[in-house]
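Here is a report on one protein model.

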Amino acid sequence: MTNIAGFWVRLAARLLDGLLVGMVVGTLIFVLQLDTGSQVVQTAESVMAILYFVLVPVFLYGYTIAKRVLDIRIVKMDGSNVGLWTMVLREVLGGFLYTITFGIALIVSAFMVGLRRDKRGIHDLIAGTYVTHDRPEHWKRDSKL
């Protein structure tokens, strides 16, 4: 594990990503004039957010849009890129755990990221990931040309 990202930059990235997803969903709701009270619309909002947080890091070398802006990315413990199963474990299973504990596990996880030397939260432990400032290996090679 190298160049570990800390609590505040990770929090900032999550908040920025949440704003981005919210703006996209809000724009779609406005343009399509959807009923926000509809269970179908609320479910679609949740599915879009989950898909963003699961799929975007798989295709963008561990980055979400906000993580890329803040120059941090999610990687596996060996430093390799995350895959679909890793991100499902991290986001879906981790999120489910946070939900069924009524947010208590989320608070514990926030303290873990803030206080642990390796800065890994419960979702990182579940998925075998950590967040780093290191760029993908092929970007390092290409920048030396």
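Both Glu91 and Arg90 are buried. Buried means under 20% relative accessible area, exposed means over 50%, and partly exposed lies in between, with a 1.4 Å probe and protein chains only. This is a predicted model: local features need pLDDT of at least 70, side-chain atom pairs count only at pLDDT 80 or more, and totals for chains, interfaces and linings use all residues. Residues are numbered from 1 along each chain as its sequence is written, and side-chain values use heavy atoms, with hydrogens and water left out.

**Salt bridges**

Side chains of opposite charge can pair when their charged atoms come close. A salt bridge here is a side-chain nitrogen of Lys or Arg within 4 Å of a carboxyl oxygen of Asp or Glu. By this rule the model has seven salt bridges. Three of them are listed below with their N to O distances.

| Pair | N to O distance |
|---|---|
| Glu91 and Arg90 | 3.2 Å |
| Arg90 and Asp124 | 2.9 Å |
| Asp118 and Arg116 | 2.7 Å |

Which parts does the pair of Arg90 and Asp124 tie together? Arg90 lies in helix 4 and Asp124 in helix 6 (residues 122–127), so the pair links parts that are 34 residues apart in sequence. Helices are DSSP runs of H or I with at least four residues, strands are runs of E with at least two, and both are numbered from the N terminus. Arg90 is buried because its relative accessible area is 4%. Asp124 is buried too, at 0%.

Asp118 counts as buried because its relative accessibility is 15%. Elsewhere, salt bridges that share partners join Arg10, Arg14, Arg90, Glu91 and Asp124 into one network.

**The largest pocket**

Rolling a probe the size of a water molecule over the atoms shows where empty space is left. On a 1 Å grid over the protein atoms alone, a pocket is an open set of points where a 1.4 Å probe fits, with protein on both sides within 12 Å along at least five of seven lines; lining residues have an atom within 4 Å of a point.

The largest pocket has a volume of about 700 Å³. Its lining has 21 residues, and Arg14, Glu91, Tyr98, Leu106 and His123 lie nearest the centre. Helix 1 (7–32), helix 2 (39–59), helix 4 (84–100) and helix 5 (104–115) each supply at least two lining residues. Helix 4 gives the largest share, six residues. By class, the lining has twelve nonpolar, four polar and five charged residues.

**The surface**

Val24, Leu28, Phe30, Val31, Leu32, Leu34 and Met48 form a nonpolar patch, with about 670 Å² of accessible area together. Patch residues have over 30% relative accessible area and no salt bridge, and nonpolar side chains are joined within 5 Å. Helix 1 gives the most to this patch, with five residues. Leu32 sits in helix 1 and is exposed, at 54% relative accessibility.

Is Thr99 buried or exposed? Thr99 is exposed, because its relative accessible area is 54%. Thr99 belongs to helix 4. Between Thr99 and Val58, 41 residues apart in sequence, the C-alpha to C-alpha distance is 24 Å.

Gly79 is in the loop between strand 1 (73–76) and helix 4. Gly79 counts as partly exposed, at 36% relative accessibility.

How values were computed. Grid points are joined across faces, edges and corners, and a volume is the space filled by probe spheres set on the points. Ala, Val, Leu, Ile, Met, Phe, Trp, Tyr, Cys and Pro count as nonpolar, Asp, Glu, Lys and Arg as charged, and the others, Gly among them, as polar. Patches are made of residues with over 30% relative accessible area and no salt bridge: like charges are joined within 9 Å, nonpolar side chains (Val, Leu, Ile, Met, Phe, Trp, Tyr) within 5 Å. Accessible areas come from the Shrake-Rupley method with a 1.4 Å probe; for residues, only the protein chains shown count as cover.
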